[in-house]
Amino acid sequence: MSNLKKNLSYIYILSLSQLLFPLISIPYISRVLAPEGIGQVGFIDSLTCYFITFAEFGIVTYGIREIAKHRNDPVFLKKLSAELLVLHMITSAVVLVVYVPVVFLLWHKIGDVRLLLFSLSFFVASFFSCEWYFAGLERFRFVAIRNLVCRVLGLISIFVLVTKPTDYYIYYGIITASTIATLLWNTITLLKEQPLSFKQVNWKQHLRPLFVVFQVAILFSATLWLDNILLGFLGGAVALGYYTFAARVIRITSALLTDSMWVLFPRMVSLLQHESQERFATTNLQSIRLFTTLAIPLSVGLFLLAEPFTALYFGPAFNRVYIDIKMLSLYPFIKGYSVYLTKQMLQPFGHDKLVVKGLLTGFIVLVISMLVLCPLWQDMGACLSLLLSEIVVVVYFTWWLRKQYAHMQLFDFTTLLQAAGTSLVFIPIVYFTKRIGIHTLPQFFVMVMGCILVYFVVQLVICRNKLLLQVYQSGLKIIGISKNV
């Protein structure tokens with residue numbers, strides 16, 4: 001349990017950086033680049049990531065699960081790593097053949113060969129992706145350090161190199177370069193730790209179990225990237241520019257919740273593998289409580305602070321973004337709970353086909369609702385469609401689990417009431433701060449930090465949230481260790 005707390009602390013530190021760095025860069029980017037440039041970058045980035053997801057063929061989730069099951073068998077790990085690397089290179093090469101004509105057909109939406117070259121470089125580098133190896137072994141300290149270094153370098157590059165509206169392609173180049181650096185760091189580290197042999201590699205044996213996991217991965221990522229692509233066709237570059245910023249803020253904050261589910265996924269698989277049902281139930285309950293404690297105030301805060309945040313943060317060219325943020329404020333809670341049901345309940349028990357059915361239903365709802373709503377309401381239509389699709393998925397998964405695993409606790413209403421009640425203190429804080437006036441970003445962040453401080457003090461002192469206190473103490477220990485290193 002001690003290692004689990006440390007891993008959660010590492011991931012929360014990483015998630016906070018994932019939230020903090022864009023908070024630093026976006027005000028600058030939104031004032032330097034135009035909505036059209038942001039829309040172009042959002043379109044090509046979404047398109048590229050969707051092809052990369054196809055190329056991964058479900059290997060990420062499958063690899064994490066297999067590594068977690070056999071983490072104490074070094075011979076198996078070496079063999080599996082070689083097989084999955086070869087298989088990923090093969091699937092990536094196949095998808096690349098499709099990528100070329102699709103990009104040609106959509107050239108009128110891309111319109112810049114520099115964006116295409118960065119996209120292609122990102123795609124080729126992803127051939128060697130091996131994140132599953134470190135996640136399966138729960139090497140989250142390495143993951144956190146690696147990502148922090150690449151993000152800091154990327155952030156510095158944005159302020160140095162992006163200086164005028166025509167630099168949108170440089171902005172995308174920095175995004176892809178940071179990701180490529182992460183991928184190469186992974187691959188080099190893996191090859192140092194596991195001198196792999198690629199002779200007589202039997203990668204074909206993984207095709208059958210991977211096929212179902214692949215369907216899950218594609219459908220899971222569909223709501224992450226397809227919304228941008230569809231809105232690019234149905235609403236145009238300006239609407240996509242508004243939606244891109246709003247969705248990015250929402251998804252970055254959502255990562256504070258969903259990243260912990262990825263940390264717990266290999267642990268839940270390992271507990272089931274060793275038939276530790278009691279520890280599985282205990283870890284599951286702690287996860288529910290932690291998720292609820294963080295998700296409720298996050299959604300409430302996003303709704304209350306959307307307007308002043310947009311005015312101060314994005315500048316006048318993006319003043320409509322606050323409407324999208326308000327509409328999507330419930331998304332972190334819904335998406336986080338969907339990922340919890342998927343990664344900690346359904347997939348550890350091997351219900352991949354059920355996950356496919358649920359995600360496919362959500363995918364169909366997303367496409368149909370966007371086709372209907374985006375021509376009418378553009379970016380706001382996309383927001384409604386995204387929320388509706390995630391709600392459908394959560395309802396389906398919850399209904400099925402209630403029917404099949406009635407003994408499993410899927411929610412903790414005491415924690416829910418405590419979190420909701422404590423979040424009400426945000427209302428007077430935000431109200432009186434608005435009355436005084438919020439004229440600068442430092443004033444805004446002081447208000448945010450005030451809300452966060454009051455919330456956690458109430459949770460720890462009045463509600464006696466023991467799990468939150470344990471995570472906090474583990475974080476302090478990690479900071480102490482890092483100072484000694």
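Reply: Tyr396 is partly exposed, at a relative accessible area of 23%, where buried means under 20% relative accessible area, exposed over 50% and partly exposed in between (1.4 Å probe, protein chains only). The model is predicted: local features need pLDDT of at least 70 and side-chain atom pairs count only at pLDDT 80 or more, while totals for chains, interfaces and linings use all residues. Residues are numbered from 1 along each chain as its sequence is written, and side-chain values use heavy atoms, with hydrogens and water left out.

Me: Where do Tyr396 and Trp399 lie?

Reply: An α-helix has 3.6 residues a turn, so residues three or four places apart point the same way. Tyr396 and Trp399 both lie in helix α16 (residues 379-404), three residues apart, about one turn of the helix. Helices are DSSP runs (H or I, at least four residues), numbered from the N terminus. Trp399 is likewise partly exposed, with 48% relative accessibility.

Me: How many aromatic pairs are there?

Reply: A pair of aromatic rings is described by the distance of the centres and the angle of the planes. Rings of Phe, Tyr and Trp (its six-membered ring) pair if their centres lie within 6.5 Å; planes under 30 degrees apart count as stacked, over 60 as edge-to-face and the rest as tilted. The count comes to 15 aromatic pairs. One of them, Phe142 with Trp185, is edge-to-face, at 6.4 Å centre to centre and 90 degrees between the planes. Phe142 lies in helix α8 and Trp185 in helix α9 (residues 168-193), so this pair ties together parts that are 43 residues apart in sequence. Phe142 is buried, at 16% relative accessible area, whereas Trp185 is partly exposed, at 30%. Ring pairs also link Phe51, Tyr99, Phe123 and Phe127 into a cluster.

Me: Which charged residue lies over the face of Phe142?

Reply: A charge sits over a ring if NZ of Lys or CZ of Arg is within 6 Å of the ring centre and within 35 degrees of the ring normal. Arg139 lies over the face of Phe142, at 5.7 Å from the ring centre. The charged end of Arg114 sits over the ring of Tyr169, 3.7 Å from its centre.

Me: How many disulfides are there?

Reply: A disulfide is a pair of cysteine sulfur atoms within 2.5 Å, and the count comes to zero disulfides. Cys374 is in no disulfide, and the nearest cysteine sulfur, that of Cys383, is 8.9 Å away. Cys374 is buried, with a relative accessible area of 0%.

Methods
Helix = DSSP H or I, 4+ residues; strand = E, 2+ residues; numbered from the N terminus.
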